[in-house]
Amino acid sequence: MPSNRTRGQRAGLTRQAVLEAAMALADREGLKALSMRRLGTELGVEAMTLYHHVSNKDALLDGLVEQLLIEAIPSRIESESWQAGLRGYAHSLLATLLAHPNVTSLIVSRPAVTARNLRIMEDLLEALRAAGFPLDVGLDVLYSLAGFVVGHVVTHPESGETLGQVRQLSDVDAEEFPLLAEAAARTERRPGPDSRFDFALDAMLTGFEAARTNSTASQ
C-alpha cells in the first residue's frame with residue numbers, strides 16, 4: 001500500500017522538532033541567522049520540507065514565542081496560594097528569558113496567539129478565577145505580570161546588573177547628593193542576592209490582592 005504520509009512526515013520531522021531546532025539555532029547565532037534554508041540545513045532536509053510544519057517565517061517566529069512560554073509557564077498555577085503560584089510563574093519566566101536572550105525580543109514584538117499559547121492562558125485564568133479574581137481582572141494580572149518580567153529582562157539582561165547600577169552611584173559627591181549616596185551604601189550592605197526584582201514583584205502581588213478584594217466587594 002502506498003504511504004499517505006507527507007514528505008515532511010517521511011523525513012521524521014514534527015513541528016516540535018522544528019521549533020526546538022530553531023530555538024537552538026537562535027540561541028547560538030541569533031535571530032538574523034534563522035532562515036528556513038538555514039534551519040533546513042540544520043535538520044538535514046530541504047527548506048520546503050519545513051513548510052509541512054510551519055507555514056512561513058512568521059509562523060516559525062510565533063512558534064519560538066510559544067516555546068518560551070511552554071518552557072516558562074506551567075499549565076496550571078498549582079501552589080498553596082495564588083500569590084505563591086504567580087511568584088513561581090514570574091521567576092520561571094524570568095529564568096527562561098535570561099536563558100534565551102537572543103529570542104526575548106520576539107515576546108515583546110509578537111502577540112503569537114497560537115493554539116498552545118491560548119491554552120496556557122486559559123488554564124492560568126481558570127486558576128485565578130478559582131482564587132477569586134473576576135476574569136477581566138485575572139487577564140489584567142497575567143498581562144501586567146508578564147510585562148513586568150519582560151521589562152526587567154530588557155533593562156537588566158544580566159543577573160546582578162541591578163546591583164551594578166547601584167555601584168555606579170558609589171562615587172557620587174555625598175555632600176551634593178547625600179540621599180543618593182546613603183541609599184546606594186545601604187543597598188550595597190544589604191545581605192543576599194540582588195532583590196529589586198522580588199521587591200517589585202511583592203509590591204505587584206500586594207496590588208493584585210487589593211484589586212481582587214475590591215472587585216469582589218463591588219460585585
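Modeller: Buried means under 20% relative accessible area. The model is a predicted one.

Biologist: Is Phe197 buried or exposed?

Modeller: The relative accessibility of Phe197 is 5%. The cut-off for burial is under 20%. Phe197 therefore counts as buried.

Biologist: How are the rings of Phe148 and Phe197 arranged, stacked or edge-to-face?

Modeller: Their centres lie 5.1 Å apart, and the planes meet at 20°. Planes under 30 degrees apart count as stacked. The pair formed by Phe148 and Phe197 is therefore stacked.

Biologist: How many residues apart are Phe148 and Phe197?

Modeller: Phe148 belongs to helix H9, and Phe197 to helix H12 (residues 196-218). The pair links distant parts of the chain, with a separation of 49 residues.

Biologist: What is the angle between the planes of Trp82 and Phe133?

Modeller: Trp82 and Phe133 form an aromatic pair, 4.9 Å centre to centre. Edge-to-face requires planes over 60 degrees apart. This pair is edge-to-face, with an angle of 90°.

Biologist: Which residue forms a salt bridge with Asp202?

Modeller: The closest N and O atoms of the bridge are 2.8 Å apart. Asp202 is in helix H12 and its partner in helix H6, so the contact ties together parts 115 residues apart in sequence. The partner is Arg87.

Biologist: Which residues do salt bridges with shared partners join into one network?

Modeller: Arg28 forms a salt bridge with Glu29 at 3.9 Å between the closest N and O atoms. Arg28 also bridges to Glu42, at 2.9 Å. The network consists of Arg28, Glu29, Arg38 and Glu42.

Key. Residues numbered from 1 in each chain as written. Predicted model: local features only at pLDDT ≥ 70, side-chain atom pairs only at ≥ 80, totals over all residues. Heavy atoms only, no water. Phe/Tyr/Trp six-rings, centres within 6.5 Å; stacked < 30°, edge-to-face > 60°. Helix = DSSP H or I, 4+ residues; strand = E, 2+ residues; numbered from the N terminus. Buried < 20%, exposed > 50% of the residue type's maximum accessible area, 1.4 Å probe, protein only. Salt bridge = Lys/Arg side-chain N within 4 Å of Asp/Glu carboxyl O.
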